[in-house]
Structure formats: structure tokens, C-alpha cells
Amino acid sequence: MDKLKRIYDTFVSSGRFISATPYGSGHINDTYLVKVDEDVEYILQRINGNVFKDIPKLVRNKELVCGHIRNRLIRHKVSDITRKYITYFYTDKGNAYYKDYEGNYWTLSLFIKGSKSYDVIPDSQIAYQVGIGFGEFENRISDFDAKLLIETIPLFHNVPRRQRELKEALAKAEPDRIEASKELLEYLKKFDNEMLELQRMKDEGILPLRVTHNDTKANNLLFDHNDHPLCVIDLDTVMPGIVHYDFGDAIRSSCNTAGEETRNLDEVHFNMDYFEAFTAGFMEKAKHLFTLKEKKTLAQGCTLMTYLQAVRFLTDYLDGDHYYPITYPEHNLQRSKVQVRLLQDMERQFDKMNQFILDQ
């Protein structure tokens, strides 16, 4: 507690430190809710230097994006704007981060009181509001030059990279893990060429480069007490990308009837009602931004992101479970199976998904 107080005190903010308690369900960073002797609260966060290699530039990404959103909200005379973007605080040296004596980087931001998030989407109405929230985010940063941002995780959604990592993990994996993965490997291999298509269009400039969040799970969106979206959080992976990443990952994570962690594959289905609700909300706020080519290929983003997540889980399993935290020996193998089952159900409904997007 003394250490957290010392770190908090390096930032120029309001209120005398009272306490700090662990906050949220994230696995990557260490996050604390700080209470002070005034009517405000803060989020103090240690950014994981093992995952993110250039934290000062990562923080700069956040500053630029949040500053842009703030200016747009002011320009459009939106009320109560401090609840609709993340406010970061600076140290007395003028940095939006503090580097402690152990080499760890910390940020301090304003906690949005009275907000909530959903780890699991309970119904189609919330799915629609999640679509509204992420569509609004795309809208608010649509006129920001993505080239001003760094890749906080280089080649994060790069398909050749993920395919190469899987092959490298397979080449050195233990025989029993290879045997357990055989069926998944055969299935995923069938998609290798197809999943390169969006990568090719991105590389050739056919799909425009945009600012993308790259981790559009429902719990990275804050809501008010009326279930209206406030703002997108967890901006560590904000960087240049294509809209397919954000749309596809939101659909992948929101429309799985059983969630990523289920052990019962029979429970895993693609929820078309949630897909249609999310898509309607998302397109309501953002469809005017997209080129015809983006709209025609948006459904491919859903299968791409599901394929990539299956590949990443399987790669970690073959590599000895070094990246994703596990609670039992076959955890990452099971996670990959869940993604594959979801992908199979998406494939069966792909034409319907694509048509619904085009009809918006």
C-alpha cells in the first residue's frame, strides 16, 4: 500500500491517497482502484512490460486518441464529456506515465463513477448497445490519422506471423501435445489461404488503414445506469489496423453462446440474434464511414478473428502454455476447440451474416 501511495503521489491529481484495491478481471496489467479524500476515484495501472515493449509510445497512443475524442466531444457540444473518454493525469515531470525504480511503468486515469460493464452479454438489447458503443468509437476516431500511432504489439493480427508461429511451435512440441492437436491442425490448415485474403487487401491498400481498438470484448465498454454506452476502455492495443479487426473480434467474443472457457463443446453455437443486434447498432453509428469494399468483406472479419484466436490458443498449447494463464493442463487446447466450433457454426451461417451487413 505504501508503494502504491508513493506512485499515486507522483501524479498531479486531486485528493489525498486513502487506499488502493485490485480492480477488474484483466490478466495482462495490474489495475487498482484508488480512493482519495475527495469525491473522485482513480485507476492506477501497471502496464505489463513483458507484453508491451515500448510503453512510453503506447501511452502516447492513448494520449493522442483520447485527446482527439475529447476535442470532438467539445466541438459537438456533448454534455458530461469526462464520462465519455479516458482522462489521463501527468507527473510533475510532464509525463503521462511514471517509471518506478524496478523499471515498471504506471499510469493514472480518472475512474468513471457510476459506470458498469458486461462480461457476458445477457440479451439482444445489450448486444445492440454494445454495437452502438463500438460503432461510436469508430466514428469518433474516424478522422484521426492512424499513421500517427505505433503498433503496440507489432504484427498483432498479422496472419502470416500467426501461421508461422503455429508451425514453429508444432516443430518443437512434445509428441503427446502434437497428437492431441492433430484434428484441430488439420481443420485450421484448410483455412490458411482463405484467411490471407484480408491481409493481402490491407497490405495492398484496398482496405483503408484506420485507428482500431483491437480488443473489442463487451467488458471493454462502459455503460451508464440506463445501459447506454459511455466510452471504450483498455486502450493498450489501440493502433493502426482495419475495421474488420474490431468488428470481427466483437462478434467473435459476443456471439458465442457458451463463452471462451466452456468445457462443453455442445454448448458452443453462433448466436445470430446477437450478431444482428450488434451489427445493427454498429452500422447505425459507423456505416457512413465505410467503403463498399469494407462492407462487402466485413463478415470475413468475423471468421478471420475466430480463426486467429483458435491459432493463438493452439500455438500456446503446443509451446507449453507460456502466454495465456491456464487452470488445467489442456486449457489452451480446449480454448482452441471452442474457437474452432464457433468458426464452424459461423461458416454455416456466413451467407446470412454477409447479407445482413449489406442490408444495413
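**The second largest pocket**

The second largest pocket has a volume of about 510 Å³. Of the 20 residues that line this pocket, the closest to its centre are Arg 161, Arg 162, Glu 165, Thr 315 and Tyr 323. The model described here is predicted.

*Lining of the pocket*

- Two helices, H4 (159-172) and H9 (292-318), each supply at least two residues of the lining of the second largest pocket.
- Helix H4 provides the largest share of that lining, with six residues.
- Sorted by class, the lining of the second largest pocket comprises nine charged, eight nonpolar and three polar residues.

*Cysteines and disulfides*

- A disulfide is a covalent bond that joins the sulfur atoms of two cysteines.
- The structure contains zero disulfides.
- To count as a disulfide, two cysteine sulfur atoms must lie within 2.5 Å.
- For Cys 66, the closest cysteine sulfur belongs to Cys 231 and is 8.0 Å away, so the pair is too far apart for a bond.
- For Cys 255, the closest cysteine sulfur is that of Cys 302, at 7.7 Å, which is likewise too far for a bond.

*Burial of two cysteines*

- Cys 66 has a relative accessible area of 5% and is therefore buried, since the term applies under 20%.
- Cys 255 also counts as buried, because its relative accessibility is 0%.

How values were computed. Residues are numbered from 1 along each chain as its sequence is written. This is a predicted model: local features need pLDDT of at least 70, side-chain atom pairs count only at pLDDT 80 or more; totals for chains, interfaces and linings use all residues. Side-chain values use heavy atoms; hydrogens and water are left out. Buried means under 20% relative accessible area, exposed over 50%, partly exposed in between (1.4 Å probe, protein chains only). On a 1 Å grid over the protein atoms alone, a cavity is a set of points where a 1.4 Å probe fits but cannot get out, and a pocket is an open set with protein on both sides within 12 Å along at least five of seven lines; lining residues have an atom within 4 Å of a point. Grid points are joined across faces, edges and corners, and a volume is the space filled by probe spheres set on the points. Helices (H or I, at least four residues) and strands (E, at least two) are DSSP runs, numbered from the N terminus. Ala, Val, Leu, Ile, Met, Phe, Trp, Tyr, Cys and Pro count as nonpolar, Asp, Glu, Lys and Arg as charged, and the others, Gly among them, as polar.
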